[in-house]
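Visitor: I would like to learn how to read the contacts in a model such as this one. Could we go through them together?

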Amino acid sequence: MAKTVIKTEKMCCQSGRHYLLKDIDWEVKQGEHWIIFGLNGSGKTTLLSAIAGYKQHTAGKLEVLGQVYDDTTLFSLSKQIGWVSASFFDKYYSSETVLRIVLSGLFGTLGVGAEISDQDVKKARALLEQWHVGHKSDMPFSMLSKGEQQNVLIARALISDPKILVLDEPGTGLDVFARENLLQWVKKIAETTDITIIYVTHYPEEIQSCFEKCLLLQHGQVLANGNIDETFRSGVLSNVLGEPVMVQKNENGLLILQRKNRKEEEL
Amino acid sequence: MTQENLTLNRLHELRERSARCCCRFCGGKLEIRKIIFTGYDARIEIFCSECNRIEYGTEPEIYLSAKYFVEAMQFNYYPDLDDNGQTKKMNIAKVCDIMAWENKHMGFLKPEGFTVPIELNPAILGNMLVINEEELAQQKCSESQG
């Protein structure tokens with residue numbers, strides 16, 4: 001039986017009186033591929049930053065790879081999670097150089113907090129080449145396009161050979177070809193490795209057949225959680241999105257979300 | 001080594017480094033800062049408040065030497081960028097990295113600092129005014145008397 005890699009029980013994140021996350025119960029097994037879906041402000045990035053060790057929950061329980069985050073386990077756990085989140089890292093990276101950002105992934109920190117070996121630098125450069133930003137390795141992060149920044153964050157996530165890959169809206173800012181490449185890469189990782197993948201998206205067409213689980217969030221709470229066929233359905237999604245929608249599959253097996261018009265609604 | 005020791009070692013290393021080293025870009029003072037507002041005390045980084053960036057820093061002697069090299073040799077690693085103050089800082093940082101790498105591999109530089117006494121070429125110091133603590137105390141004393 002697969003090991004549990006993420007487990008939350010009644011987990012809450014509170015900011016002042018406001019709950020960013022409330023009573024989150026969620027369990028992820030090794031090798032599972034999850035979609036997290038929800039509107040802006042539903043708590044997706046907060047949940048992921050807590051899982052990646054960049055935010056502390058305020059109540060309840062959070063276990064990652066069988067351990068609880070504290071000051072002693074923080075970095076050893078954090079570096080095992082490859083976290084790609086432009087909405088998070090944009091706040092902290094501006095004039096930091098691309099190569100150093102990628103190398104920081106080795107330590108689970110924001111900056112390079114220790115001596116780095118030549119092997120590490122070679123690996124970082126190879127990853128940057130693989131993600132088509134090798135020629136930008138000495139540039140400040142802010143000088144790159146959104147798509148290039150996204151690729152740098154992917155390289156950062158991969159440098160520590162993570163056990164869990166958390167992709168927070170990775171398709172945002174990418175051009176049509178780059179997004180296609182990204183989706184193919186995610187599919188390949190899902191099909192050929194045992195890495196647990198958590199993929200956040202606003203776009204149902206990014207949900208590929210390799211994703212078998214889904215967590216739906218609304219106002220910081222879990223609305224549905226389980227197999228994608230049972231959760232990503234018209235009725236539940238209409239509730240999440242606040243208006244009637246219809247979920248269909250196209251000929252390639254990709255999900256399509258359509259707004260229901262009034263006539264369909266009446267029928 | 002236990003995880004607790006690893007974390008304590010990191011904190012100790014960052015504190016020592018921020019006190020000893022300077023920013024690779026501007027040569028300014030470094031500080032330890034909690035960049036992310038989180039309950040974990042260990043989540044601190046070395047920061048340059050002058051550049052407003054996360055830094056690892058370099059030895060001050062390396063910075064001075066790199067700055068002199070960029071200025072005296074008109075070194076430019078970024079010919080595609082505008083020739084301005086920011087590009088100059090990036091060039092100095094690049095040379096700092098190269099010099100630190102070389103010093104490390106020659107055995108002169110360890111994570112704790114230089115392993116050999118350093119005598120900087122006075123030309124590298126340029127117009128820098130070096131005042132030791134004794135002179136500073138004397139200066140303060142004469143100011144208060146005056």
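Predicted model: local features only at pLDDT ≥ 70, side-chain atom pairs only at ≥ 80, totals over all residues.

Visitor: What area is buried between chain A and chain B?

Guide: The size of an interface is often given as the accessible area lost when the parts come together. Here buried area is the accessible area (1.4 Å probe) that two parts lose on being put together, summed over both. Between chain A and chain B about 3000 Å² is buried, with carbon and sulfur atoms giving 52% of that area. Chain A brings 38 residues to the contact and chain B brings 32 residues, where contact means heavy atoms within 4.5 Å.

Visitor: How many salt bridges does the rule find across the interface of chain A and chain B?

Guide: A salt bridge needs a side-chain nitrogen of Lys or Arg within 4 Å of a carboxyl oxygen of Asp or Glu, and the rule finds three across the interface of chain A and chain B. In one salt bridge the side chains of B:Lys104 and A:Glu115 meet, at 3.8 Å from N to O.

Visitor: Which domains does the assignment give for chain A?

Guide: Domain bounds come from an automatic or database domain assignment, and for chain A it gives domain 1 (1–80 + 163–232) and domain 2 (90–161). The C-alpha centres of these two domains of chain A lie 22 Å apart. Their contact takes 13 residues from domain 1 of chain A and 17 residues from domain 2 of chain A. About 1100 Å² is buried between domain 1 and domain 2 of chain A, and carbon and sulfur atoms give 61% of it. On the side of domain 1 of chain A, A:Tyr54, A:Lys79 and A:Trp185 supply 42% of the buried area, more than any other three residues. The count of salt bridges between domain 1 and domain 2 of chain A is zero.

Visitor: And how is chain B divided?

Guide: Chain B has domain 1 (1–57) and domain 2 (59–146), and their contact takes ten residues from domain 1 of chain B and twelve residues from domain 2 of chain B. Together the two domains of chain B bury about 950 Å², 54% of it on carbon and sulfur atoms. B:Arg20, B:Arg24 and B:Phe25 lose the most area on the side of domain 1 of chain B, together 62% of what that side buries. Two salt bridges are counted between domain 1 and domain 2 of chain B, and the side chains of B:Arg20 and B:Glu59 meet in a salt bridge at 2.8 Å, N to O.

Visitor: How many aromatic pairs are there over all chains?

Guide: A pair of aromatic rings is described by the distance of the centres and the angle of the planes. Rings of Phe, Tyr and Trp (its six-membered ring) pair if their centres lie within 6.5 Å, and planes under 30 degrees apart count as stacked, over 60 as edge-to-face and the rest as tilted. By this rule the count over all chains comes to 16 aromatic pairs. The rings of A:Tyr54 and A:Phe88 have centres 5.4 Å apart and planes at 65 degrees, so this pair is edge-to-face.

Methods: Residues numbered from 1 in each chain as written. Chains lettered and ligands numbered in written order. Heavy atoms only, no water.
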